[in-house]
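The following text leads the reader through one protein chain, from its overall fold to individual residues. Please keep the sequence and the coordinates in view while reading.

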Amino acid sequence: MKSLQKRLGLMVAMLLMVTLISGCRGQLTVTVPLSILVNNPAAFDDRQIITQGVVRHFDDPLHYWIEDEELNRVEIFPPQEIAPYLDESVEVEGQFHFSPNAGRRLILTRVDQLPRA
């Protein structure tokens with residue numbers, strides 16, 4: 001009887017571990033170049049991503065984005081978090097969102113200035 005209880009306890013523990021591991025797998029942060037985000041944005045919708053680019057802005061309406069040499073762009077929110085890095089190369093991390101109407105957006109959780117080339 002104790003052997004059966006022990007095996008059941010081990011099975012429950014293993015199932016719990018598998019559930020926790022598979023649940024966390026969907027939350028992994030992935031590094032994605034801007035060119036891939038532009039060419040296949042739906043694949044990364046609602047995902048935590050890391051990407052790099054140069055910070056640019058436009059005044060009317062005020063908005064900020066990062067872009068690469070090929071002018072692949074992703075808008076960055078909130079603007080006050082990215083504004084201090086205008087014209088700088090940065091690595092950003094955040095929640096990526098895509099909508100055919102609103103475009104490509106990244107809600108920042110982290111921004112790091114990259115060394116000048």
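The paragraphs below treat the fold, the strand pairing, the nonpolar core and one glutamate in turn.

The structure is a predicted model, in which local features need pLDDT of at least 70 and side-chain atom pairs count only at pLDDT 80 or more, while totals for chains, interfaces and linings use all residues. Residues are numbered from 1 along each chain as its sequence is written, and side-chain values use heavy atoms, with hydrogens and water left out.

Three helices and six strands form the secondary structure of the chain; helices (H or I, at least four residues) and strands (E, at least two) are DSSP runs, numbered from the N terminus. Along the sequence, these elements follow the pattern α-β-α-β-β-β-α-β-β. The chain has 117 residues, of which 26% are buried, where buried means under 20% relative accessible area with a 1.4 Å probe, protein chains only. The exposed surface comes to about 8100 Å², and carbon and sulfur atoms supply 59% of it; accessible areas come from the Shrake-Rupley method with a 1.4 Å probe.

Strand pairing requires that DSSP find at least two bridges between two strands. E5 and E6 run antiparallel and are joined by 10 bridges, and a hairpin of three residues links them. Within this pair, serine 99 has glycine 103 in E6 as its bridge partner. E4 and E6, by contrast, run parallel and share three bridges; here isoleucine 76 is bridged to leucine 106.

Leucine 106 also belongs to the largest nonpolar core, which has 17 residues; Leu37, Ile82, Val92 and Leu106 have the most contacts inside it. Such a core is a set of buried Ala, Val, Leu, Ile, Met, Phe, Trp, Tyr and Cys residues joined through side-chain atoms within 4.5 Å. Two or more residues each come from helix H2 (34-39) and from strands E2 (47-59), E3 (62-67), E4 (73-77), E5 (89-99) and E6 (103-113). Beyond its neighbours within four places in sequence, valine 92 is in contact (heavy atoms within 4.5 Å) with residues including Ile76, Ile82 and Leu106.

Which polar contact does the side chain of glutamate 67 make? This residue is found in strand E3 and is buried, with a relative accessible area of 9%. Its side chain makes a polar contact with the side chain of arginine 73 at 2.7 Å; the term denotes a pair of N or O atoms within 3.5 Å, one able to donate a hydrogen and the other to accept it, and residues adjacent in sequence count only if both atoms are side-chain atoms.

Definitions and conventions
Buried < 20%, exposed > 50% of the residue type's maximum accessible area, 1.4 Å probe, protein only.
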